[in-house]
Each structure stands twice: as structure tokens, then as C-alpha cells.
Protein chains: 2
Amino acid sequence: MTKPIAINAFSMNTISHLSPGTWRHPRDEGRRYVDLDYWMEVARTLERGKIDVLFLADVLGVYDVYGGSPAAAIRGGVQFPLNDPLALIPAMASVTEHLGFAMTAAVSYEHPFPFARRMSTLDHLTKGRVGWNVVTGYLNSGAVNFGVSGQEAHDRRYDIAEEYLEVCYKLWERSWEDDARSADAAGDVVADPARVHPIAHRGEFFQVPGIHLSEPSPQRTPVIYQAGASARGVRFAAAHGEGVFVAAQTKAALARQVRGLREALAAAGRPTDSAKVLNQQTVIVAETDAEAHRLFEEYLLYASTEGALTLLSGWTGIDFAELGMESTFEDQEGNAIQSVIQAFSSADPGRSWSIREIAEHVRIGGDGPVLVGSPTTVADQLESWVDETDVDGFNLAAAVVPEAWTQIVDLLVPELQKRGRHKVDYEPGTLREKLGGGARVAPWHPAARVRI
Amino acid sequence: MTKPIAINAFSMNTISHLSPGTWRHPRDEGRRYVDLDYWMEVARTLERGKIDVLFLADVLGVYDVYGGSPAAAIRGGVQFPLNDPLALIPAMASVTEHLGFAMTAAVSYEHPFPFARRMSTLDHLTKGRVGWNVVTGYLNSGAVNFGVSGQEAHDRRYDIAEEYLEVCYKLWERSWEDDARSADAAGDVVADPARVHPIAHRGEFFQVPGIHLSEPSPQRTPVIYQAGASARGVRFAAAHGEGVFVAAQTKAALARQVRGLREALAAAGRPTDSAKVLNQQTVIVAETDAEAHRLFEEYLLYASTEGALTLLSGWTGIDFAELGMESTFEDQEGNAIQSVIQAFSSADPGRSWSIREIAEHVRIGGDGPVLVGSPTTVADQLESWVDETDVDGFNLAAAVVPEAWTQIVDLLVPELQKRGRHKVDYEPGTLREKLGGGARVAPWHPAARVRI
């Protein structure tokens with residue numbers, strides 16, 4: 001069995017993404033995140049390695065649960081400062097031809113009418129290489145700045161997200177007929193008004209009567225990604241997701257999640273392989289195992305335990321500053337804390353992990369596993385993850401940038417190509433087509449169903 | 001007197017901006033607006049001509065007043081389709097070093113918290129070359145898509161805009177102290193939490209307690225442009241505007257507007273030259289007067305009278321389809337219509353203009369004047385406009401793109417340089433510095449007053 005392995009690069013418009021503190025490594029260039037040249041170099045490197053997609057995470061808030069303040073995030077540069085991901089994409093698109101770009105955007109932060117135009121614009125300018133990671137928002141420190149006291153209840157957020165997507169789909173798929181546009185200069189018209197339709201959306205949360213201001217872009221609907229882990233989130237992903245992001249620490253946990261998602265896809269009437277499931281995974285690759293482990297030890301010198309606790313607190317809503325560093329999860333009261341600690345210590349569930357050990361585990365690679373070794377070793381591991389869990393591929397995160405990207409592209413990719421696990425060239429067409437889909441969203445997709 | 005003449009290029013992320021129909025001209029490439037290469041070429045051309053700023057207009061709606069439907073706008077490509085301006089800027093910035101970029105964004109369409117981050121991100125990525133044209137929104141066809149039935153009353157919109165700007169200024173100028181960031185790798189911290197402050201904004205329209213997620217960008221506050229013509233708009237511009245856009249058809253009207261703005265600046269306690277006033281002006285330049293007039297006649301073959309009526313209807317809220325094409329303004333009842341027609345026919349106010357004649361006048365260059373001639377002729381005219389009206393310069397709009405930009409850069413600019421009216425090289429520094437301002441907003445600016 002040689003199922004190809006999908007490979008994304010996973011990053012963020014910030015100094016340090018999932019390995020807090022490593023920005024202090026002498027070779028780390030994360031501080032250049034404000035520099036277009038830096039991102040254009042990254043994009044060129046990734047395209048050289050035939051990476052599918054550069055996926056840019058985003059949150060519109062600061063990690064302020066740890067210690068009840070944003071101080072640790074500010075001090076440690078824990079996904080902070082954090083700039084808008086959208087603006088990076090056009091410049092990176094201008095120096096690449098095939099690399100896809102997925103960006104996170106929460107439905108709670110902008111009205112769907114202008115947002116749909118932003119995405120159409122990006123899809124035009126990238127010639128159809130854009131994906132959207134649909135997020136319902138999860139940092140309270142972001143929500144409060146919108147004048148929202150606390151966030152909408154979790155399930156309610158999904159209801160809003162469903163309608164938000166419906167509005168976007170109508171704008172992208174329903175407003176303009178395929179032959180509305182007739183831009184030949186010989187012709188006298190830009191578009192046929194009889195073929196451009198007001199979407200007349202009247203819903204619970206949004207009223208959008210008008211037409212889409214953007215003409216159809218190459219993909220119309222960008223490739224839809226989702227990262228929901230709750231039951232409602234899995235249902236949402238099973239309905240809309242063409243790619244699903246997960247972050248499982250162990251093969252057992254990943255196999256369980258993939259199985260759950262495939263079942264949810266089937267329940268939603270979709271082919272079980274119609275969503276690519278990608279696990280977050282940090283890789284540290286060098287010529288030899290010994291050299292890779294030496295690098296890992298070197299990175300650890302700069303990785304920040306406090307930064308890890310800051311991330312853990314933000315992700316879980318539990319202030320880890322209030323837990324004893326040497327305590328184990330058996331010491332903690334409350335199911336919430338126990339399940340959190342179990343999740344983050346699942347790499348070796350038989351062992352009794354202290355808070356410190358968990359933080360030291362998380363400080364490189366965050367909530368995903370870390371693979372360290374020669375190209376052969378890491379390729380072996382990635383293959384076994386795919387073959388044993390049915391996952392489709394990986395969101396590869398970086399411990400130190402940009403050297404993680406060159407490690408992946410110059411060492412890991414050739415090894416995977418040799419094994420027939422990674423493409424030697426991109427497929428033609430849009431991002432959706434490169435990922436194996438059609439020119440338009442599949443018939444089972446909710447975006448297809450809004451078409452007239 | 002050889003006051004330098006400020007020159008912006010005035011465009012829009014659409015097929016055709018202010019000369020509807022000319023997209024059908026065989027040499028017009030406006031249809032390439034979805035192509036990054038097109039915009040990168042435009043940016044390179046403008047920088048070659050030491051143009052100050054590429055100003056990208058925007059509206060979040062369609063011109064649907066004419067005939068009570070968007071049909072004419074859709075058919076004629078009248079500022080339609082219309083993509084998001086923001087996404088063009090990073091790619092254009094990547095191939096230029098000095099050209100400024102100003103984009104229109106309405107305060108009614110996005111919450112100030114994410115918007116401020118978007119602008120900070122652009123200011124970082126352009127290394128301080130971004131301006132923001134603050135608009136309060138004026139197309140009802142846009143507003144209704146936000147679920148707003150009609151727009152907020154005009155003055156109320158300015159109240160919201162004032163508070164929106166206050167929130168942005170606090171995020172840009174107050175949240176981070178100058179020395180908060182200490183990004184040397186030798187240092188162990190990204191930023192000093194004691195020097196990054198929550199803005200704690202509690203206002204009538206917005207509650208924004210948090211910190212700015214972006215570290216200070218080169219300009220912090222982008223250069224603020226405004227285009228208000230009403231009494232309230234002039235007050236707003238006099239408070240916030242570092243550049244003010246106007247569109248006067250005659251020198252007399254322009255002199256009056258400039259004088260009014262200078263008086264308003266004085267009344268606001270600002271130096272009367274502390275805002276650059278720029279008049280919208282379309283130029284058609286060729287080697288000789290005869291050739292320029294031949295070009296103008298050629299452009300007119302493609303210009304659309306219906307497109308002009310569509311723009312006029314959108315700008316005024318009056319459906320010009322209901323007025324007799326041969327009627328003059330003396331025939332029309334109601335002061336609103338009379339004042340509109342007077343404004344657009346002011347190029348020759350002694351004459352009795354019919355609706356048709358006004359539309360034929362507007363179809364090239366929209367609501368601004370058109371100058372046609374050799375470099376000497378057009379430079380003479382621009383000089384006389386500046387010297388007789390006290391205007392600081394021009395937003396030069398294009399009838400046919402990109403040849404308007406090459407006409408300006410290759411013919412007009414050298415002539416103005418010869419006369420000492422146009423710089424032979426850019427000033428160093430940020431856009432604000434290039435325009436004659438300091439490293440930070442001036443002390444009189446409201447953004448300066450929110451600093452701690």
C-alpha cells in the first residue's frame with residue numbers, strides 16, 4: 001500500500017508558532033515575520049518541495065489565561081505579536097505557481113458579505129490556490145474586544161457558522177451563473193445582468209439581499225478546511241470540510257479520530273475519503289539520526305516551558321500557573337483538568353506525567369507529536385502513521401524557521417519521493433484540483449447545493 | 001513660485017474606474033485587474049515616475065440607483081465587478097521600494113479591532129508605506145447587505161467614525177510604548193509586558209479592553225486621508241486628514257474648497273498647510289496636442305453615456321433614468337437635482353447643460369476635470385491649477401489603462417521635473433516622511449493625543 005502522503009507546512013504570521021522560545025535560537029528567523037522577503041523565500045522553498053499548502057493559523061486574541069494576564073505571552077512571544085495572515089498570501093502567490101495557501105478566519109470577526117469578497121479576491125489573485133480554515137473563535141481575549149462579554153455558547157457559535165457559510169456559498173456559487181461574464185472586448189458588456197442574481201438571503205443572523213461584487217474566481221468556493229474536535233465540530237467538519245486538521249499525540253488517538261471522522265462523513269452521505277485528514281506533526285530532520293537528535297537537544301536549549309504553559313492554558317482555559325509544577329494528573333481534582341493532562345501526555349499514557357513534564361513535552365511542537373531523525377527514520381515514521389491510522393497526511397510545523405522548511409524540502413521530501421509517497425510534480429489546475437477534487441466543489445458539498 | 005506638485009495615481013480594483021466603457025478600448029487592460037502581474041507592472045511604472053501614492057478607491061456595493069437596478073452597472077462594468085483593494089498592496093509592495101499605497105476602507109464594514117491589525121500588518125509589510133482613506137460609507141446597496149435598512153443618518157455616521165478612529169489610534173499609538181519591543185536574540189524576551197497596555201476603550205459604539213496584537217509598525221498610524229465634502233465632512237477632514245481628496249470641476253470651485261479646508265484646519269488649531277489637498281483630475285497626454293486630442297476622441301468612441309448616468313445616479317441618489325436626456329437643469333424641479341447638475345456642469349456654468357451633455361462630460365474622468373494635451377500643455381494647466389487654487393496636487397485618474405500611467409510617467413513627469421515641480425527622487429523614510437511629515441503623526445493630530 002503506497003497511499004500518497006499529503007504534506008502541508010503549518011505556520012502563523014508571528015515570531016513563534018508552536019515551539020515557544022525557539023525564536024531565540026541563533027539561526028531562527030521568525031522575527032522576520034514582518035518582512036515580505038522572508039515569506040516569499042519560505043513560499044519558494046515550499047514550492048520547490050512540492051508542498052501542497054502553506055497553512056497559516058490565526059487567532060484574534062492573546063494567550064492571557066496563564067497567570068491571569070497576557071504577560072507571559074508578551075514576554076515570551078507566544079504566538080505574539082500576531083499579524084493578519086491574509087496580507088501575506090498575495091506576495092507569496094506572486095513568486096509561486098502551484099503552492100496552495102490556506103488561512104484561518106473566524107466567522108465571528110467579520111460580516112460574511114465583505115469576507116466573501118476578500119476570499120474571492122484572493123482566489124482570483126492566486127489563480128485558484130486559496131483555502132479557508134473555518135473557525136468559530138476560541139480565545140475570549142479576542143471576543144471581548146468586539147464588545148462581546150464572553151463568547152457565544154459553543155453550539156450557538158456553530159449555528160452562526162452554518163449560516164455564515166450559507167451566505168458565503170450563495171455569494172460564491174449562486175450569485176453569478178457560469179456564463180454571466182463575457183469579457184471579450186468585441187462584446188459590449190462586462191456581464192449579463194439576467195445572469196447575476198441577488199442572493200436574497202434572509203436568515204436568523206444575517207440579511208444579505210444583494211449580488212456578489214466579485215465575479216466568479218477560479219475555485220469560486222475556496223477549499224474548506226475545519227479543525228473541530230467536539231461532537232458538534234466533527235458534524236460541522238463532516239458537512240463542510242474538504243480538509244480536516246487534527247492534532248493527535250499518538251497513533252491510537254489519531255486512528256480513533258480518523259475513524260470517527262470517516263464515520264461522520266458516511267453519516268453525512270459523503271464518500272469516506274472525501275475529506276483529507278491532516279495531523280499536526282513537528283519534524284526535525286538531519287542527515288543522520290544522531291545529527292537530528294543533536295539538533296533537537298539544541299532547540300530544547302531555547303524552548304520555553306513557561307511558553308508551553310501559556311499555550312496549554314490558552315487552549316484549555318485552565319490556568320496552569322495555579323497547578324504545582326511537580327504535581328501529576330492524579331493530584332488534580334476535576335475531570336476537565338484530568339482529561340486535558342491525559343490528552344497532552346498521551347504519548348506515553350501508562351506513565352504518570354507531572355505538569356512540568358507535560359510542559360517540557362509541549363514546548364517543542366505544541367499539541368502535536370514531534371518526529372526526530374534522519375530522512376529514512378522520519379519517512380518510516382510518517383509512513384507508519386499513515387498506514388496505521390488511515391490519516392491522509394500532515395500539517396508539518398516548524399521548531400526553528402526557516403531551517404525546518406529546508407530540512408523538510410531538501411531531506412525529507414526526496415526520501416518520500418523515492419518511496420512513491422510524495423509527488424514529483426504538482427497536478428495542474430486549482431488547489432482543489434491539485435488535491436484530487438474537481439473544478440467545482442463536489443455535489444455532496446453544501447456549497448454545491450445552493451446553486452440555482 | 002514653484003511649489004512642488006503632489007501626484008497620486010487614482011485607481012480601483014475593478015475593470016473600469018471613472019471612465020465607464022473605456023475598458024472596451026483595444027489597448028485597455030483593465031480586465032487584467034484579477035491578475036497580480038498587472039498590478040505589479042502598474043506599481044513598477046508608477047515608482048519609475050516617482051509618483052507619491054497609488055490610491056485605491058473602494059465601495060462595498062453596486063451602483064443600483066440608475067433605473068432602480070444594478071443592471072446598467074453589471075452590463076457596463078461600472079466599477080463592477082469590484083474586488084477587495086487590500087490584497088493588491090502586498091504584492092505591489094514586494095516589487096517597489098518607495099511608492100505609497102492608500103486604500104479606502106469604510107468604518108461601517110468591519111470592527112476596528114481586526115481592522116487596526118490589518119492596517120498594522122500592511123504597514124509592516126510595506127515598511128511604512130500605507131495610507132487609509134477613511135470613508136463613512138455611501139452606497140445603500142452596500143449597507144443593506146450588512147442587514148442595515150438604509151444607512152445610519154449622515155451625521156451619526158461621522159460620530160461612529162470618530163469613535164472608530166479613536167479606537168484605532170489607541171491601538172496604534174497607545175498600546176505599545178516605543179521601547180516595549182526588544183527583539184535582540186541576546187535578550188530573552190520579545191516584549192516587556194509592563195510597556196504593552198490594554199487600551200481599555202469604553203465608548204458609545206465600541207468596547208475594546210485589550211492590547212493591540214501587532215507590534216508598532218513603521219508609521220504606527222497609517223497616513224490618514226479623507227474625502228468629506230459636507231460641512232461635517234470638512235470638520236472631520238480638518239481634524240484627522242493628512243491628505244484630503246476633492247473633485248472640483250473648475251479652478252473657481254477648487255479654490256473655494258481649498259480655502260474652506262484651510263480655514264477649517266486653522267479653526268482646528270492646525271497649520272493650514274498640514275493637510276495636502278489633492279484634486280481628482282484625469283489627464284490624457286501625448287507627444288503633441290494634436291495627438292492627445294486624437295487619443296481623447298478615440299477614447300470617447302468607447303466611453304459609455306449610460307455608464308456615466310449610472311455613476312451620477314449612484315453618487316447623487318437621483319435616478320437619472322427618470323430625467324429627460326435632452327432636458328436642462330432649468331427644466332428640473334427640486335433644489336437637489338439643480339445643485340447636482342450645477343456641480344457636474346460647472347466646467348462652463350454660464351451654459352445651459354442638458355442631461356445628455358452632462359453625462360457625455362462625465363463619461364471620461366467622472367466627477368473630475370479632464371486635461372488633454374502635450375506634456376507642455378498639461379504641465380502648464382496643472383501648474384495653473386496649483387498656483388491659482390492653492391491645491392497641493394492631484395489624484396490622477398486614468399481613462400485607458402495602463403497607457404494612462406505610462407503617459408503620465410514617461411511624458412508628463414519629465415516635463416514637471418524639468419520645471420522643478422516634481423521630485424527627481426523619493427525622500428527617504430516612511431510614506432508620512434516622504435510626504436513631508438515626521439516619523440510619527442504630528443502633535444496636532446488626534447492620534448498623537450491618545451498617547452500615554
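How many residues of chain B are in contact with residues of chain A? The count is 72 residues of chain B, and they touch 72 residues of chain A. Keep in mind that this is a predicted model.

Let's stay at that interface for a moment. About 6000 Å² of area is buried between chain B and chain A. Carbon and sulfur atoms give 63% of that area.

Now, charges. Across the interface of chain B and chain A, the rule finds twelve salt bridges. Take one example. R117(A) pairs with D84(B) in a salt bridge. Their closest N and O atoms are 3.8 Å apart. That pair counts because the cut-off for a salt bridge is within 4 Å.

Step back to the whole model. Over all chains, the count comes to 83 salt bridges. Which residue forms a salt bridge with R48(A)? It is D410(A), with the closest N and O atoms 2.5 Å apart. Look at where these two sit. R48(A) is in helix α1 of chain A, residues 36–48. D410(A) is in helix α14 of chain A, residues 403–418.

Next, helix packing. Two packed helices are described by the angle between their axes and the distance between the axes.

First example, chain A. Find helix α7, residues 231–240, and helix α8, residues 251–267. They pack at an angle of about 55°, and their axes are 9 Å apart. The two helices, α7(A) and α8(A), are therefore oblique to each other. α7(A) passes α8(A) in a right-handed crossing. Who touches whom? From α7(A) come V234(A), A237(A) and A238(A). They meet G260(A), L261(A), A264(A) and L265(A) in α8(A). By class, this contact of α7(A) with α8(A) has six nonpolar residues, one polar and no charged.

Now the residues. K251(B), L254(B), A255(B) and V258(B) sit on the α8(B) side. Facing them in α13(B) are S384(B), W385(B), E388(B) and T389(B). This contact of α8(B) with α13(B) divides into four nonpolar, two polar and two charged residues.

How values were computed: Residues numbered from 1 in each chain as written. Chains lettered and ligands numbered in written order. Predicted model: local features only at pLDDT ≥ 70, side-chain atom pairs only at ≥ 80, totals over all residues. Heavy atoms only, no water. Axes fitted to C-alpha atoms, helices over the stretch in contact; angles between N-to-C directions. Helix = DSSP H or I, 4+ residues; strand = E, 2+ residues; numbered from the N terminus. Parallel < 35°, antiparallel > 145°, perpendicular 65-115°, else oblique. Left-handed = near helix turned anticlockwise from the far one by under 90°. Contact = heavy atoms within 4.5 Å. Nonpolar A, V, L, I, M, F, W, Y, C, P; charged D, E, K, R; others polar. Buried area = accessible area lost by both parts, 1.4 Å probe. Salt bridge = Lys/Arg side-chain N within 4 Å of Asp/Glu carboxyl O.
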